[in-house]
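Here is a short report on a predicted model. Look first at the ligand site, then at the confidence scores.

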Amino acid sequence: RPALRMSIMPNYILGLDMGTTSVKAVLLEIKSRTMAASCALPTMSDITDNSAKEQDTGRIVDTLNQCIGLLPRDKLQHVSSIGLSGQMHGVLFWKAKTGATIITSLHASRDTSPLITWQDGRCSSDFLSSLPKPDSHLSVATGFGCATIFWYMQYRPEFLEDFTVAGTIQDYVVSMLCGLNRCMMTPQNAASWGFFNTSSNQWNTDILKGASFPLHLLPQLGAALGDFQCSVYSCMSVRTDAVLNISTSAQLTFTMPADFRPPDSPQTASSISFFPYFDSLYLAVAASLNGGNVLATFVEMLTAWMKDLGIELSDACLYEKLIGCALNQETSDLRVSPTILGERHSPLCLGQVTNISASNLSLGNVTRALCRGVLDNITSMMSAEYLQQAGVNRIVGSGSALTRNEVLRQEVEKAFPQPVVYGQNADSAVGVAMVLCDQL
Ligand SMILES: Nc1ncnc2c1ncn2[C@@H]1O[C@H](COP(=O)(O)OP(=O)(O)O)[C@@H](O)[C@H]1O
Ligand SMILES: O=C(CO)[C@@H](O)[C@H](O)[C@H](O)[C@H](O)COP(=O)(O)O
């Protein structure tokens, strides 16, 4: 009775999220819309740690393979669709294959560039202001795909000659899975590259052509979603919720009313931007470049100092100790402004530590002040009063930097007068699977 067996077999959606620090894979059971299995693995793919932020594409893809391989095989055999989301803004390049040589397995080919991530800091303010003005409400910042392509055109044109296709890392995975010889991209990711108009859903081809931009590298519109929109989808249940997601980066966001349309031109100095969501809705977002990565940098710094001192401790152990020390230090008068990557609206305003005294230098003090600094920074970009005026009456916390760090959660609860709840299993991999599930 194979047919009957098939009909009572539960079907799953495989949700995949290509994050900046880790790759996540979840199996969502369609009928109950609940998570049946999940796996997250760090990609450990960072190649450079200067202003060029690049990641090894092969390592990312290998980690994705491992992650899927750790999900239960019997359930994987009953996957009916796959949803993809991932880190936005970034870009990688590859050579299109044709006919029988199309790559259909999950292995990055040698004709693929590293991923240049959203953390890339090579486009200076002077360089960005030399670019044509986009026909979009979103301004172009360093780390945005089109800005990166312009940078290569100017400083390393020979690099681009090797490639015929470009996309985000999640678009690359879609191309591999579907054996495409072009790149398909959704408006969510296209908006994050710059030079894309979200009202007409079209690239600014005339403007880009006028600046001799390699138009053949612009993806067609289609497939993978943004991790930001998907993480919101996984945990925003009512329109009066705001979502605070802290993973490598951090975003504080809420849904704009249905009739909201973004302004015609970019508001470069504003810390709030409007990103396309679903069903023609927009999300107002304070997208901070300084989230969990600030803590990760602190851990890296301590590891390097300890190595110089002849001591070794694993990252996991360091996080545990730092969080433990800061839990015993409820407040600190040390002030840390943690904007080590600057912010898009204020790229030159880097981090600062102030009010240092002889009595506030313990690890507990510094970690507490760092966590508070992350919250102070994001609420300086979108304040609790602003949220209140927009009708927000609850904050939903998501993202693994928050889930794994009680000190950060305590600081979230202090930063907002609104009640804070935490999304269960809330992340982009779950969100993208839910988006597909709700379309069935
Ligand atoms: N052992 C740990 N304990 C607490 N927090 C951690 C630990 N390891 C990593 N983190 C935090 O999680 C962040 C990465 O979260 P993750 O969800 O993997 O990012 P992404 O979705 O961007 O790939 C790091 O920047 C760091 O702040
Ligand atoms: O910058 C924005 C939106 O402008 C971010 O919200 C967006 O999620 C980007 O993809 C991230 O910066 C990368 O996400 P993550 O890896 O930190 O989860």
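## The shell of ligand 2

Ligand 2 is surrounded by 15 residues (each with a heavy atom within 4 Å of it). The closest are Thr-20, Met-88, Asp-227, Ser-247 and Ser-249. By class, five of the shell residues are nonpolar, eight polar and two charged. Here Asp, Glu, Lys and Arg count as charged; Ala, Val, Leu, Ile, Met, Phe, Trp, Tyr, Cys and Pro as nonpolar; the others, Gly among them, as polar.

Domain 1 (2-223) and domain 2 (235-424) each give at least three residues to this shell. The bounds come from an automatic or database domain assignment.

## Polar atoms and burial

An N or O atom in the Thr-20 side chain is 2.4 Å from an oxygen atom of ligand 2. For Gln-251, a polar side-chain atom lies 3.0 Å from a ligand 2 oxygen. Thr-248 has a polar backbone atom 3.4 Å from an oxygen of ligand 2. Alone, ligand 2 exposes 430 Å², and the protein buries 97% of that (Shrake-Rupley method, 1.4 Å probe).

## Confidence

The mean pLDDT of the protein is 90, and 94% of the residues score at least 70. pLDDT is the predictor's confidence in each residue, from 0 to 100. Where pLDDT is low, the predicted coordinates should not be read in detail. The model scores ipTM 0.91 and pTM 0.86.

## Conventions

Residues are numbered from 1 along each chain as its sequence is written, and ligands from 1 in the order in which they are written. Local features need pLDDT of at least 70, side-chain atom pairs 80 or more, while totals for chains, interfaces and linings use all residues; side-chain values use heavy atoms, without hydrogens and water.

Conventions:
A polar contact is a pair of N or O atoms within 3.5 Å; within protein, one must be able to donate a hydrogen and the other to accept it, and residues adjacent in sequence count only if both atoms are side-chain atoms.
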